[in-house]
Amino acid sequence: MPVPTLTWENDALRLIDQTSLPEAYQFIVCRDVKAVAEAIVNLRVRGAPAIGVAAAYGVVIAAQEAIAQNADFDAHVAKSIQKLAQTRPTAVNLFWALERQEEVVAEAAGRSPAEKRDLLLKEAQEIFEDDKRICRQIGRHGAELLSSRSTVLTHCNAGGLATADYGTALAVVYAAVEAGKQVAVYADETRPLLQGSRLTAWELNQSGVDVTVICDSMAAAVLRDKNIDSVVVGADRIAKNGDVANKIGTYGLALLAHAHQVPFYVAAPLSTIDMKRASGVQIPIEERATEEITRGMGRQTAPNGIQVYNPAFDVTPNHLVTAIITEKGVAKGNYAEAFARWFE
Ligand code: MRU
(Lines give C-alpha, C1' and ligand atoms only; values in the text may rest on other atoms or scores of the structure.)
Protein backbone atom coordinates (compact mmCIF):
# COMPACT_ATOMS: atom_id res chain seq x y z
CA MET A 1 0.00 0.00 0.00
CA PRO A 2 1.33 3.45 -0.79
CA VAL A 3 1.95 5.82 2.10
CA PRO A 4 2.01 9.64 1.78
CA THR A 5 5.80 9.71 1.97
CA LEU A 6 5.99 13.11 0.27
CA THR A 7 3.24 15.47 -0.80
CA TRP A 8 3.22 19.01 -2.16
CA GLU A 9 0.74 21.06 -0.14
CA ASN A 10 0.22 24.83 0.11
CA ASP A 11 3.50 25.62 -1.69
CA ALA A 12 5.51 23.44 0.70
CA LEU A 13 6.88 19.90 0.87
CA ARG A 14 5.21 17.69 3.47
CA LEU A 15 7.16 14.59 4.48
CA ILE A 16 6.67 11.65 6.78
CA ASP A 17 9.51 12.12 9.30
CA GLN A 18 11.04 8.67 8.86
CA THR A 19 13.44 9.17 11.76
CA SER A 20 10.43 8.95 14.14
CA LEU A 21 9.10 5.64 12.80
CA PRO A 22 7.91 3.26 14.12
CA GLU A 23 7.41 5.06 17.46
CA ALA A 24 5.57 8.00 15.94
CA TYR A 25 3.89 8.54 12.59
CA GLN A 26 4.37 12.25 12.12
CA PHE A 27 5.00 14.78 9.39
CA ILE A 28 7.30 17.72 8.84
CA VAL A 29 6.68 20.58 6.46
CA CYS A 30 9.67 22.01 4.57
CA ARG A 31 9.14 25.63 3.55
CA ASP A 32 12.75 26.55 2.74
CA VAL A 33 15.67 24.89 0.97
CA LYS A 34 17.57 24.57 4.24
CA ALA A 35 14.78 22.39 5.67
CA VAL A 36 14.69 20.18 2.56
CA ALA A 37 18.48 19.72 2.69
CA GLU A 38 18.34 18.96 6.43
CA ALA A 39 15.57 16.39 5.85
CA ILE A 40 17.66 14.59 3.21
CA VAL A 41 20.93 14.68 5.21
CA ASN A 42 19.25 13.36 8.36
CA LEU A 43 17.19 10.70 6.54
CA ARG A 44 13.80 12.18 7.43
CA VAL A 45 13.23 11.43 3.75
CA ARG A 46 15.40 8.67 2.30
CA GLY A 47 15.54 5.99 -0.35
CA ALA A 48 16.86 6.89 -3.79
CA PRO A 49 13.62 7.73 -5.66
CA ALA A 50 12.14 9.67 -2.71
CA ILE A 51 15.35 11.69 -2.36
CA GLY A 52 15.07 12.59 -6.07
CA VAL A 53 11.44 13.70 -5.73
CA ALA A 54 12.22 15.71 -2.57
CA ALA A 55 15.13 17.45 -4.31
CA ALA A 56 12.94 18.33 -7.30
CA TYR A 57 10.42 19.99 -4.97
CA GLY A 58 13.35 21.58 -3.12
CA VAL A 59 14.19 23.47 -6.32
CA VAL A 60 10.59 24.74 -6.51
CA ILE A 61 11.00 26.00 -2.95
CA ALA A 62 14.25 27.70 -4.00
CA ALA A 63 12.31 29.45 -6.78
CA GLN A 64 9.70 30.63 -4.29
CA GLU A 65 12.45 31.92 -1.99
CA ALA A 66 14.01 33.87 -4.86
CA ILE A 67 10.66 35.47 -5.66
CA ALA A 68 9.85 36.28 -2.00
CA GLN A 69 13.31 37.78 -1.41
CA ASN A 70 13.37 39.60 -4.74
CA ALA A 71 16.74 37.91 -5.33
CA ASP A 72 18.47 37.16 -8.64
CA PHE A 73 16.28 34.18 -9.62
CA ASP A 74 18.72 32.07 -11.62
CA ALA A 75 21.61 32.69 -9.18
CA HIS A 76 19.52 31.76 -6.12
CA VAL A 77 18.14 28.61 -7.77
CA ALA A 78 21.64 27.55 -8.94
CA LYS A 79 23.03 28.06 -5.42
CA SER A 80 20.17 26.04 -3.94
CA ILE A 81 20.70 23.22 -6.44
CA GLN A 82 24.33 23.12 -5.34
CA LYS A 83 23.28 22.96 -1.68
CA LEU A 84 20.85 20.10 -2.37
CA ALA A 85 23.50 18.27 -4.42
CA GLN A 86 25.79 18.25 -1.40
CA THR A 87 23.35 16.41 0.87
CA ARG A 88 24.05 12.76 -0.01
CA PRO A 89 26.48 11.46 -2.66
CA THR A 90 25.41 7.91 -3.51
CA ALA A 91 21.78 7.88 -4.70
CA VAL A 92 22.02 9.10 -8.28
CA ASN A 93 18.31 9.98 -8.38
CA LEU A 94 19.20 13.13 -6.44
CA PHE A 95 21.50 14.39 -9.19
CA TRP A 96 19.20 13.14 -11.93
CA ALA A 97 16.28 15.17 -10.52
CA LEU A 98 18.44 18.26 -9.95
CA GLU A 99 19.74 18.07 -13.53
CA ARG A 100 16.18 17.92 -14.82
CA GLN A 101 15.36 21.07 -12.87
CA GLU A 102 18.54 22.77 -14.12
CA GLU A 103 17.40 22.10 -17.68
CA VAL A 104 13.98 23.60 -16.92
CA VAL A 105 15.63 26.83 -15.76
CA ALA A 106 17.95 26.89 -18.78
CA GLU A 107 15.09 26.37 -21.23
CA ALA A 108 12.97 29.04 -19.50
CA ALA A 109 15.55 31.78 -20.13
CA GLY A 110 13.78 35.09 -20.71
CA ARG A 111 10.62 34.11 -18.85
CA SER A 112 9.44 35.79 -15.61
CA PRO A 113 10.39 34.30 -12.21
CA ALA A 114 6.74 33.34 -11.61
CA GLU A 115 6.60 31.49 -14.91
CA LYS A 116 9.88 29.73 -14.14
CA ARG A 117 8.60 28.68 -10.72
CA ASP A 118 5.45 27.21 -12.31
CA LEU A 119 7.53 25.28 -14.83
CA LEU A 120 9.74 23.90 -12.03
CA LEU A 121 6.63 22.81 -10.13
CA LYS A 122 5.27 21.13 -13.27
CA GLU A 123 8.55 19.22 -13.64
CA ALA A 124 8.59 18.17 -9.97
CA GLN A 125 4.97 16.96 -10.23
CA GLU A 126 5.95 15.00 -13.34
CA ILE A 127 8.89 13.36 -11.54
CA PHE A 128 6.52 12.50 -8.67
CA GLU A 129 3.77 11.10 -10.94
CA ASP A 130 6.29 9.19 -13.09
CA ASP A 131 7.75 7.58 -9.99
CA LYS A 132 4.29 6.35 -8.97
CA ARG A 133 3.71 4.81 -12.38
CA ILE A 134 7.22 3.31 -12.45
CA CYS A 135 6.75 1.62 -9.04
CA ARG A 136 3.67 -0.13 -10.44
CA GLN A 137 5.52 -1.25 -13.59
CA ILE A 138 8.47 -2.56 -11.55
CA GLY A 139 5.97 -4.38 -9.33
CA ARG A 140 4.26 -6.02 -12.30
CA HIS A 141 7.52 -7.19 -13.89
CA GLY A 142 8.99 -8.37 -10.60
CA ALA A 143 5.88 -10.20 -9.40
CA GLU A 144 6.22 -12.57 -12.34
CA LEU A 145 9.50 -13.80 -10.85
CA LEU A 146 7.79 -14.94 -7.65
CA SER A 147 5.93 -18.23 -7.51
CA SER A 148 2.42 -18.57 -6.02
CA ARG A 149 3.91 -19.21 -2.55
CA SER A 150 7.11 -17.29 -1.95
CA THR A 151 9.35 -16.30 0.88
CA VAL A 152 11.45 -13.24 0.17
CA LEU A 153 14.39 -11.80 2.07
CA THR A 154 14.95 -8.05 1.76
CA HIS A 155 17.43 -5.52 3.09
CA CYS A 156 16.97 -1.87 4.13
CA ASN A 157 13.76 -0.21 2.93
CA ALA A 158 12.91 -0.05 -0.75
CA GLY A 159 9.19 0.35 -0.22
CA GLY A 160 6.54 3.04 -0.18
CA LEU A 161 8.60 5.06 2.27
CA ALA A 162 11.46 5.21 -0.24
CA THR A 163 9.38 6.28 -3.26
CA ALA A 164 6.29 8.21 -4.33
CA ASP A 165 4.17 5.06 -4.46
CA TYR A 166 4.75 1.53 -3.19
CA GLY A 167 8.44 1.06 -3.73
CA THR A 168 10.80 -0.93 -5.90
CA ALA A 169 11.84 -4.13 -4.07
CA LEU A 170 8.63 -4.03 -2.02
CA ALA A 171 6.63 -3.19 -5.17
CA VAL A 172 7.51 -6.72 -6.27
CA VAL A 173 6.03 -8.06 -3.02
CA TYR A 174 2.93 -5.82 -3.09
CA ALA A 175 2.21 -6.59 -6.75
CA ALA A 176 2.60 -10.33 -6.16
CA VAL A 177 0.19 -10.13 -3.21
CA GLU A 178 -2.25 -8.11 -5.37
CA ALA A 179 -1.97 -10.85 -7.99
CA GLY A 180 -3.15 -13.37 -5.39
CA LYS A 181 0.23 -14.88 -4.50
CA GLN A 182 1.13 -15.78 -0.93
CA VAL A 183 4.26 -13.89 0.00
CA ALA A 184 6.08 -13.86 3.30
CA VAL A 185 8.97 -11.46 3.88
CA TYR A 186 12.03 -11.63 6.10
CA ALA A 187 13.35 -8.12 6.69
CA ASP A 188 16.99 -7.60 7.69
CA GLU A 189 17.00 -5.02 10.46
CA THR A 190 19.74 -3.14 8.55
CA ARG A 191 22.32 -1.73 10.93
CA PRO A 192 23.24 0.93 11.80
CA LEU A 193 20.05 2.94 11.18
CA LEU A 194 17.57 0.06 11.16
CA GLN A 195 15.62 0.97 8.03
CA GLY A 196 14.60 -2.70 7.77
CA SER A 197 13.14 -3.13 11.23
CA ARG A 198 11.88 0.44 11.66
CA LEU A 199 10.52 1.10 8.15
CA THR A 200 10.14 -2.08 6.06
CA ALA A 201 8.56 -4.00 8.93
CA TRP A 202 6.32 -0.99 9.67
CA GLU A 203 4.99 -0.54 6.17
CA LEU A 204 4.56 -4.26 5.40
CA ASN A 205 2.77 -4.68 8.70
CA GLN A 206 0.49 -1.72 7.88
CA SER A 207 -0.36 -3.45 4.61
CA GLY A 208 -1.06 -6.82 6.19
CA VAL A 209 1.92 -8.55 4.56
CA ASP A 210 3.47 -11.38 6.60
CA VAL A 211 6.82 -9.96 7.79
CA THR A 212 9.50 -11.26 10.15
CA VAL A 213 12.39 -9.08 11.31
CA ILE A 214 15.86 -10.61 11.66
CA CYS A 215 19.22 -9.16 12.70
CA ASP A 216 21.59 -8.76 9.75
CA SER A 217 23.85 -11.45 11.18
CA MET A 218 21.04 -14.02 10.91
CA ALA A 219 20.74 -13.82 7.12
CA ALA A 220 23.01 -16.83 6.42
CA ALA A 221 21.12 -19.11 8.77
CA VAL A 222 17.77 -17.87 7.47
CA LEU A 223 18.84 -18.48 3.86
CA ARG A 224 19.84 -22.01 4.79
CA ASP A 225 16.95 -22.90 7.08
CA LYS A 226 13.86 -20.93 6.09
CA ASN A 227 13.23 -21.84 2.46
CA ILE A 228 13.94 -18.40 1.09
CA ASP A 229 12.93 -18.34 -2.59
CA SER A 230 14.54 -15.05 -3.49
CA VAL A 231 16.36 -12.03 -2.17
CA VAL A 232 14.91 -8.75 -3.47
CA VAL A 233 16.57 -5.40 -2.79
CA GLY A 234 16.53 -1.86 -4.18
CA ALA A 235 19.45 0.23 -5.40
CA ASP A 236 20.91 3.69 -4.92
CA ARG A 237 22.98 3.69 -8.08
CA ILE A 238 23.60 1.06 -10.74
CA ALA A 239 26.68 1.37 -12.95
CA LYS A 240 26.60 0.85 -16.72
CA ASN A 241 27.85 -2.74 -16.27
CA GLY A 242 25.19 -3.69 -13.72
CA ASP A 243 27.24 -3.31 -10.53
CA VAL A 244 24.81 -2.21 -7.82
CA ALA A 245 25.33 0.25 -4.97
CA ASN A 246 22.77 -0.25 -2.22
CA LYS A 247 22.58 -0.10 1.57
CA ILE A 248 25.63 -1.44 3.38
CA GLY A 249 25.19 -5.18 3.87
CA THR A 250 23.68 -5.78 0.43
CA TYR A 251 26.96 -7.16 -0.93
CA GLY A 252 27.22 -9.64 1.94
CA LEU A 253 23.66 -10.71 1.32
CA ALA A 254 24.38 -11.22 -2.39
CA LEU A 255 27.34 -13.45 -1.50
CA LEU A 256 25.16 -15.44 0.89
CA ALA A 257 22.40 -15.79 -1.70
CA HIS A 258 24.99 -17.03 -4.21
CA ALA A 259 26.34 -19.57 -1.69
CA HIS A 260 22.81 -20.88 -1.09
CA GLN A 261 21.83 -20.76 -4.79
CA VAL A 262 19.01 -18.33 -4.08
CA PRO A 263 18.22 -15.78 -6.83
CA PHE A 264 19.31 -12.25 -5.97
CA TYR A 265 17.09 -9.61 -7.60
CA VAL A 266 17.59 -5.85 -7.71
CA ALA A 267 14.55 -3.67 -8.39
CA ALA A 268 15.10 -0.06 -9.44
CA PRO A 269 13.88 2.60 -11.85
CA LEU A 270 15.94 3.65 -14.88
CA SER A 271 16.68 6.91 -13.04
CA THR A 272 18.89 4.85 -10.69
CA ILE A 273 21.07 3.62 -13.56
CA ASP A 274 24.10 5.86 -14.03
CA MET A 275 25.33 5.38 -17.59
CA LYS A 276 28.24 7.74 -16.82
CA ARG A 277 29.84 5.22 -14.41
CA ALA A 278 31.36 2.28 -16.23
CA SER A 279 31.51 0.10 -13.12
CA GLY A 280 30.81 0.08 -9.40
CA VAL A 281 34.29 1.28 -8.40
CA GLN A 282 33.34 4.69 -9.79
CA ILE A 283 30.30 5.05 -7.53
CA PRO A 284 30.83 7.49 -4.63
CA ILE A 285 30.06 5.82 -1.32
CA GLU A 286 28.71 8.01 1.49
CA GLU A 287 30.42 7.74 4.87
CA ARG A 288 28.25 8.84 7.76
CA ALA A 289 28.82 10.07 11.30
CA THR A 290 30.58 7.73 13.71
CA GLU A 291 27.84 8.37 16.31
CA GLU A 292 25.43 6.27 14.23
CA ILE A 293 27.50 3.33 15.47
CA THR A 294 28.86 4.51 18.82
CA ARG A 295 25.49 5.81 20.01
CA GLY A 296 23.21 3.89 17.67
CA MET A 297 20.65 2.58 20.08
CA GLY A 298 20.12 5.74 22.12
CA ARG A 299 22.93 4.72 24.45
CA GLN A 300 26.69 4.41 24.20
CA THR A 301 27.47 1.24 22.25
CA ALA A 302 31.25 1.60 21.78
CA PRO A 303 34.07 3.01 23.93
CA ASN A 304 34.72 6.75 23.90
CA GLY A 305 37.10 7.85 21.15
CA ILE A 306 37.10 4.46 19.39
CA GLN A 307 37.83 4.37 15.64
CA VAL A 308 34.75 3.71 13.55
CA TYR A 309 34.23 3.04 9.86
CA ASN A 310 30.69 3.78 8.72
CA PRO A 311 30.06 3.51 4.97
CA ALA A 312 26.33 3.80 4.26
CA PHE A 313 26.44 1.73 1.06
CA ASP A 314 28.37 -1.04 -0.63
CA VAL A 315 28.71 -2.27 -4.20
CA THR A 316 27.53 -5.70 -5.31
CA PRO A 317 29.34 -6.88 -8.45
CA ASN A 318 27.08 -7.67 -11.40
CA HIS A 319 27.95 -11.39 -11.47
CA LEU A 320 26.16 -11.82 -8.13
CA VAL A 321 22.97 -10.19 -9.45
CA THR A 322 20.52 -12.69 -10.96
CA ALA A 323 18.35 -10.01 -12.57
CA ILE A 324 17.65 -6.29 -12.50
CA ILE A 325 13.96 -5.38 -12.55
CA THR A 326 13.06 -1.96 -13.97
CA GLU A 327 9.97 -0.28 -15.40
CA LYS A 328 11.14 -1.43 -18.86
CA GLY A 329 11.36 -5.10 -17.94
CA VAL A 330 13.79 -7.60 -16.45
CA ALA A 331 17.47 -7.68 -17.46
CA LYS A 332 19.56 -10.79 -16.95
CA GLY A 333 23.17 -11.57 -17.78
CA ASN A 334 24.53 -8.81 -20.00
CA TYR A 335 23.32 -5.68 -18.20
CA ALA A 336 25.34 -3.27 -20.36
CA GLU A 337 23.51 -4.53 -23.42
CA ALA A 338 20.03 -4.28 -21.84
CA PHE A 339 20.74 -0.80 -20.46
CA ALA A 340 22.04 0.42 -23.82
CA ARG A 341 18.77 -0.74 -25.42
CA TRP A 342 16.63 0.87 -22.71
CA PHE A 343 18.46 4.19 -22.86
CA GLU A 344 18.44 4.40 -26.66
O1 MRU B 1 20.33 5.43 3.53
P2 MRU B 1 19.01 5.15 2.88
O3 MRU B 1 17.96 4.74 3.85
O4 MRU B 1 18.58 6.30 1.99
O5 MRU B 1 19.29 3.90 1.93
C6 MRU B 1 18.25 3.42 1.13
C7 MRU B 1 18.59 2.22 0.36
O8 MRU B 1 19.70 1.73 0.37
C9 MRU B 1 17.50 1.67 -0.54
O10 MRU B 1 17.64 0.29 -0.68
C11 MRU B 1 17.61 2.30 -1.93
O12 MRU B 1 17.68 3.70 -1.86
C13 MRU B 1 16.46 1.92 -2.80
S14 MRU B 1 14.95 2.71 -2.33
C15 MRU B 1 13.76 2.27 -3.45
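Q: Which side chains meet in a salt bridge at 3.9 Å, N to O?
A: Glu-99 and Lys-276 do. A salt bridge here is a side-chain nitrogen of Lys or Arg within 4 Å of a carboxyl oxygen of Asp or Glu.

Q: What kind of model is this, and what pLDDT do local features need?
A: It is a predicted model, where local features need pLDDT of at least 70, side-chain atom pairs count only at pLDDT 80 or more, and totals for chains, interfaces and linings use all residues. Residues are numbered from 1 along each chain as its sequence is written, and side-chain values use heavy atoms, with hydrogens and water left out.

Q: How is the chain divided?
A: Into domain 1 (6–135) and domain 2 (141–343), with bounds that come from an automatic or database domain assignment. Their C-alpha centres lie 25 Å apart.

Q: How many residues does each domain put into the contact?
A: Domain 1 gives 29 residues and domain 2 gives 33, contact meaning heavy atoms within 4.5 Å.

Q: And what area is buried between domain 1 and domain 2?
A: About 2,500 Å², with 58% of that from carbon and sulfur atoms. Buried area is the accessible area (1.4 Å probe) that two parts lose on being put together, summed over both.

Q: Which three residues of domain 1 supply more of its buried area than any other three?
A: Arg-46, Thr-90 and Cys-135, which supply 25% of the area that domain 1 buries against domain 2.

Q: How many salt bridges and polar contacts are there between the domains?
A: The count is two salt bridges. There are also 15 residue pairs in polar contact across the interface, both residues at pLDDT 80 or more. A polar contact is a pair of N or O atoms within 3.5 Å; within protein, one must be able to donate a hydrogen and the other to accept it, and residues adjacent in sequence count only if both atoms are side-chain atoms.

Q: Which helices supply at least two residues each of the side of domain 1 that touches domain 2?
A: α2 (48–68), α4 (92–107) and α5 (113–143). Helices (H or I, at least four residues) and strands (E, at least two) are DSSP runs, numbered from the N terminus.

Q: Switching to the ligand: which residues come nearest?
A: Arg-46, Arg-88, Asp-236, Asn-246 and Lys-247, out of 17 residues around the ligand; being near takes a heavy atom within 4 Å.

Q: How many salt bridges in the whole structure?
A: A search finds 19. One of them joins the side chains of Asp-11 and Arg-117 (3.0 Å, N to O). That pair links distant parts of the chain, 106 residues apart: Asp-11 is in the loop between β1 (6–9) and β2 (12–16), and Arg-117 is in helix α5.

Q: What is phi of Asp-11?
A: Near 60°, a positive value in a residue other than glycine. Most residues other than glycine have a negative phi, and most peptide bonds are trans.

Q: Which bond joins Leu-21 and Pro-22, cis or trans?
A: A cis peptide bond, with omega about 5°. Pro-22 is in the loop between β2 and β3 (27–30).
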